[in-house]
Amino acid sequence: MRGYNFSKFIPEKLQNGGFDGLLNIFTQLLNYTAGDANEALAWMNELDKQHHFTSNEYGMGDFIDDLKDRGYISQEDPQGNFSITAKTEQTIRKSALEEIFGKLKKSGKGSHNTNTSGLGEEKNADRREYEFGDSLDQIDMTASIHNAQLNHGINDFHMTERDLEVEEKDFKTLTSTVLMIDISHSMILYGEDRITPAKKVAMALAELIRTKYPKDTLDIVVFGNDAWPITVKDLPYLQVGPYHTNTYAGLELATDILRRRKTSNKQIFMITDGKPTCLKEGNRYYKNSIGLDRKVINKTLNMAAQCKRLHIPITTFMIARDPYLQQFVRQFTEVNGGKAFYSSLKGLGEYIFEDYIKNRRKTVR
C-alpha cells in the first residue's frame, strides 16, 4: 500500500529510575540552573510528581544520599545548601559532548592534519618511490618486498633502491582557539534561551579538545558591556547579565590571548545574536540598542580587519534570524575573510564540531 498510515502517538513511559537515570536528569537541569544544585533538585521533585522518575524502592532521598556518597555534591554551607563538585562539572562536560557530538572514540594523541604531505607524523594513503634522504621508518617493507618479487622473480630474488616504496605522512599542526560567548541580555529575550545551548557547546568543545586534541588550546571569553576570560570550570555557572553587546571588546581580548600563543594556527569562534550595541570609551559606555549604530559597527568591522591582518579567521555562529542582523554578519565575515553559520539553537553544536574538525589547513608562516 502506498502512502502513510497515521496513528495516535502514545509516548513511551520514561524509564529513568535508579541512580544513573536520575543523574542524567540532574546534570541536564544543572545547565539551566547555572550550576545551582538546590534549584536543580527542587525541579527534579516537581518533575517527579508528573513523570514518576522514582519508585517505592528508590526515592529522591536515596538519590541525594548517593550524590553525596559518590562525591557529586557537597553540603559544606552552614545553612545546609548543596553545591556541585569538580566531579559533577566533569560529568556535565562529558554529557554535553555525548549529547552534541555523539559517541566519540577517545584518542591519547590527536591533532589537526594539514594539507601538506611529506616527512610528517601520520600515515596517509599516498605512496611513492624511495628518494635519497627518506628515513627507514617511512619504507613500506611489505610493499617493497612485493615489488622486488614482481621485478626480479622469486628464483633471483633481490631488492634494489627502485623496489623500495615509501609511505607519505601528513604533518601535524596545533590549533589555538578562542571561543567567544555573547552573554548580553538579548541572549534570553523573546522567550528563547540561547545561553544554555552556548554553554553546552563550550563544555563539549572543551571535553573534545581534552580527549582528542590534547595539544590544542582552548580559551573562553564572554562579552557583555565588557569582555573577560573564564575557565572551563566556570561554564556551568555562566548566566546572562543585564548587559549590552560589546563585540569589539570581546574580539580585542580574544586577539590579545591569541597573540601570546606560540602556535601558528589561530582562530576565533563567536556565538552571538549578531548585534553589537556597545563600546567602552575611557570610563564610560557608549550604548545604542536601536538598529545598527554606525559608530559601533564601524569600530567592530575595523577589529575584524585587524584580525585578518594577524591571520586570525573568525567563524561566527549567528543564532538570530533578523535579515538586517544577518546582513551585518555577512559584511563582518567578508571584512575578516572568515566564515559564518546561520544556525538554529538545535544545530549549533554540530556546526561548531564540524568546523573545528575540518579546520585542518596548511600553516601559512
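Reply: Let's begin with Lys49, which is exposed because its relative accessibility is 58% (exposed means over 50% relative accessible area, buried under 20%, and partly exposed in between, using a 1.4 Å probe and protein chains only). This is a predicted model, where local features need pLDDT of at least 70, side-chain atom pairs count only at pLDDT 80 or more, and totals for chains, interfaces and linings use all residues. Residues are numbered from 1 along each chain as its sequence is written, and side-chain values use heavy atoms, with hydrogens and water left out.

The partner of Lys49 is Glu46: their side chains form a salt bridge of 3.4 Å, N to O (a side-chain nitrogen of Lys or Arg within 4 Å of a carboxyl oxygen of Asp or Glu). Glu46 has a relative accessible area of 44%, so this residue is partly exposed. Both residues belong to helix α2, and because they sit three residues apart there, about one helical turn separates them (helices are DSSP runs of H or I with at least four residues, strands runs of E with at least two).

Helix α2, residues 37-51, packs against helix α3, residues 60-69, at an angle of about 150° and with 11 Å between their axes. That angle makes the two helices roughly antiparallel, a label for angles over 145 degrees.

By the salt-bridge rule, the count comes to nine. One of them joins Arg261 and Asp219, at 2.8 Å from N to O. Arg261 is in the loop between α7 (247-260) and β9 (265-272), while Asp219 is in strand β7 (residues 217-223), so this pair ties together parts 42 residues apart in sequence.

Another salt bridge links Lys295 with Glu281, whose closest N and O atoms are 2.7 Å apart. Here helix α8 (residues 294-309) supplies Lys295 and strand β10 (residues 278-281) supplies Glu281, so parts that are 14 residues apart in sequence are tied together. Lys295 is partly exposed at 40% relative accessibility, and Glu281 is partly exposed at 27%. Arg284 comes into the picture too: Glu281, Arg284 and Lys295 are linked in a network of salt bridges.

Methods
Axes are lines fitted to C-alpha atoms, for helices over the stretch in contact, and angles run from 0 to 180 degrees between N-to-C directions. Angles under 35 degrees count as roughly parallel, over 145 as roughly antiparallel, 65 to 115 as roughly perpendicular and the rest as oblique.
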